[in-house]
Amino acid sequence: MTDERTPLDPEIRARIAQTGPMPVAEFMAMCLYDPQHGYYGHRSPFGAAGDFVTAPEISQMFGELVGLWAADVWQSMGMPDPVALIELGPGHGTMMADALRAARAAPDFRRAVRVHLIETSLDLKRRQRATLSTVDDVPLHWHATIDDVPGAASIIVANEFFDALPIRQAERRPTGWHERMVAVDASGALTLTIAHDPLPNLGPNLPPALAQAEIGEIFEWRPAKFAIEIARRAAAGGAALIIDYGHVKSATGDTFQAVRCHRHASPLTSPGLTDLTAHVDFEALGKAAQEAGARVHGPVEQGTWLKRLGIEARAVALLAKATESQRAEIAAALRRLTGTGPDQMGSLFKAIAFSATAIAHLPGFAP
Ligand code: SAH
């Protein structure tokens with residue numbers, strides 16, 4: 001048996017015993033958000049000592065460029081004052097801290113900014129407060145959901161947020177698309193199976209190109225709620241920036257994965273102790289945003305986006321003031337963030353943005 005009996009394990013089994021196999025999305029939501037035993041409830045997942053490293057934790061350059069991007073976008077919006085700078089899933093708060101510091105170069109923007117951080121984990125909220133404790137001249141607000149943020153002119157940013165939202169999966173069978181479920185097998189281990197009956201209403205979620213999928217192929221999707229909500233805000237006179245790893249075109253494939261201590265693991269192993277994610281479908285995001293009335297920019301590869309925003313010049317400026325060991329770190333960070341190799345983030349990660357239709361260009365999305 002491969003599964004480890006974590007504190008969440010008996011709760012998952014009890015629910016399966018009671019109501020039968022549960023959809024992958026329900027399993028993922030329990031593992032990530034269970035207030036007592038969920039992954040985000042009790043761990044500090046990021047950084048060298050955690051399970052994975054995100055771009056803002058690799059280098060201050062990332063958050064700085066996001067801050068300058070926001071200042072530039074604010075100009076295109078007609079410099080509304082106040083303006084809500086909203087971040088979804090801020091992790092340790094590093095990206096916002098770096099963004100606000102860089103925004104000192106645009107004092108009018110910084111004065112207009114009201115920061116709204118959307119976070120479900122109380123533990124991470126404490127981390128964010130600590131990281132941002134020296135910010136005393138910009139109002140900071142925390143919310144559990146974006147629905148609680150006042151509907152002012154908004155700039156929304158989200159790094160590695162969408163990959164953590166629960167996915168649904170369906171498998172193509174001769175009888176149609178059947179939802180993938182987590183069940184308990186004869187040996188007592190958690191296992192993946194499919195629902196007996198086909199899904200009646202996959203039609204609207206299924207991209208036309210996949211109508212001919214082969215038997216056994218898997219399609220993943222996320223409820224469009226978040227994409228629609230932020231696109232609606234962007235369309236009303238703002239902009240949103242999403243950076244994540246994923247594919248530019250909707251496609252079949254099973255990308256449900258667990259990461260623990262920088263290693264891939266089975267998503268069913270150690271429920272609540274591993275980070276569960278799945279690739280982001282940027283075509284689906286763009287489509288949802290367009291339907292919500294926003295103009296869609298990109299996606300472009302993260303490396304391209306960062307270079308267009310001037311990450312190389314920023315690295316040169318940092319190198320000029322750096323010690324010998326810092327120089328090596330800065331060069332390595334630049335390669336990691338922009339490189340196109342399999343262990344680098346430059347082309348694995350993509351940036352997409354939504355805006356009001358009146359805003360024709362956003363920095364980094366066109367040459
Ligand atoms: N953006 C950060 C952290 C990414 S991890 C970085 O780049 O380092 C995902 C973050 O989203 C965590 O802070 C997690 O607690 C938060 N999160 C996940 N699902 C959420 C939800 N449904 N609502 C609000 N925050 C969520």
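Colleague: What should helix 13 span at 1.5 Å a residue, and how far apart are its end C-alpha atoms?

Modeller: Bear in mind this is a predicted model. Helix 13 covers residues 324-338, and at 1.5 Å a residue its 15 residues should span 21 Å. The end C-alpha atoms sit 22 Å apart, which agrees.

Colleague: Okay, and which residues of helix 13 are buried?

Modeller: Those are I330, A333, L334, L337 and T338. Looking down the axis of helix 13, the buried residues fall within an arc of 100 degrees, so they line one face of the helix.

Colleague: Why would residues a few places apart point the same way?

Modeller: An α-helix has 3.6 residues a turn, so residues three or four places apart end up pointing the same way.

Colleague: Which residues are exposed on the other side of helix 13?

Modeller: E324, S325, A328 and E329 are exposed there.

Colleague: What distances do you get from the ligand to the side chains of T54 and E119?

Modeller: For T54, a side-chain N or O atom is 2.5 Å from an oxygen atom of the ligand. For E119, a side-chain N or O atom is also 2.5 Å from a ligand oxygen. Then there's Y33, with a polar side-chain atom 2.7 Å from a nitrogen atom of the ligand.

Colleague: And how much of the ligand does the protein bury?

Modeller: Taken alone, the ligand exposes 570 Å², and the protein buries 96% of that.

Technical notes
Residues numbered from 1 in each chain as written. Predicted model: local features only at pLDDT ≥ 70, side-chain atom pairs only at ≥ 80, totals over all residues. Heavy atoms only, no water. Polar contact = N/O pair within 3.5 Å; in protein donor to acceptor, adjacent residues only side chain to side chain. Areas by Shrake-Rupley, 256 points an atom, 1.4 Å probe, with all protein chains shown as cover. Helix = DSSP H or I, 4+ residues; strand = E, 2+ residues; numbered from the N terminus. Expected span 1.5 Å × (residues − 1). Buried < 20%, exposed > 50% of the residue type's maximum accessible area, 1.4 Å probe, protein only. Arc of directions from axis to C-beta.
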